[in-house]
Amino acid sequence: MNRIAISTLFLVCLPATAVVAQTKTVPPRAESTATKVARAISAAPANIAKAAKVVDIDDKGNEIPLKEGTNGFTCYPGHPGEVGAQPYCANEAGVQWERDFAAHKPKPTNTEPGIEYMLQGGTDWSGSDPKASSGTPIREPPHWMIMWPFDPKATGLSVKPKQTGTWVMWAGTPYAHLMINQRP
């Protein structure tokens, strides 16, 4: 190549390289505690949200308290834009179910049904496979859940994701649970 062609190529590529370099070095904007608390409590009915504890989870899985609570429910702000990481609020049994799931335990250890609210809706990788981590995400409308091993054959409920009504998510697995697609 001649010098003019090389100089032209350099001048065309230099601005793009600078933009990429700047994009990689700019840290993500941190959210305020108030923003995280508001998003977390938006997942539950108002009568539960007002007295719920709020906890964030960092990228290492550590829990970071954001607001104390008194009613036995804990709300999590989730991570916007991440599949399966929507805001939710759960009672103690629901929180135990979620912790067991995150720890990849063979089955949940809660000894009573958990209650969980996701009134902002959510997404997940699969309605049938709790281990799915890619594909086309399913979109979930505002809903609440009963975290207990429901059997669709015994209940007569559908195992197909739907936008209205009730269905069993992850049927046939220890993490099967009831999805109730409505506001309580």
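Modeller: Start with the strands and helix around the largest pocket. β1 (53–57), α4 (92–102), β5 (114–118) and β8 (143–147) each supply at least two residues of its lining. Helices (H or I, at least four residues) and strands (E, at least two) are DSSP runs, numbered from the N terminus. This is a predicted model: local features need pLDDT of at least 70, side-chain atom pairs count only at pLDDT 80 or more, and totals for chains, interfaces and linings use all residues. Residues are numbered from 1 along each chain as its sequence is written, and side-chain values use heavy atoms, without hydrogens and water.

Colleague: Which element gives the most to the lining of the largest pocket?

Modeller: α4, with 7 residues.

Colleague: How is a pocket told from a cavity?

Modeller: Rolling a probe the size of a water molecule over the atoms shows where empty space is left. On a 1 Å grid over the protein atoms alone, a cavity is a set of points where a 1.4 Å probe fits but cannot get out; a pocket is an open set with protein on both sides within 12 Å along at least five of seven lines. Lining residues have an atom within 4 Å of a point. Points are joined across faces, edges and corners, and a volume is the space filled by probe spheres set on them. Here the largest pocket has about 1,200 Å³. Of its 44 lining residues, Gly 84, Ala 85, Glu 98, Phe 101 and Ala 102 are the closest to its centre.

Colleague: How many cavities of 30 Å³ or more are there?

Modeller: The count is 1. β7 (138–140) and β10 (177–181) each supply at least two residues of the largest cavity's lining. Trp 167 and Met 179 are among the lining residues.
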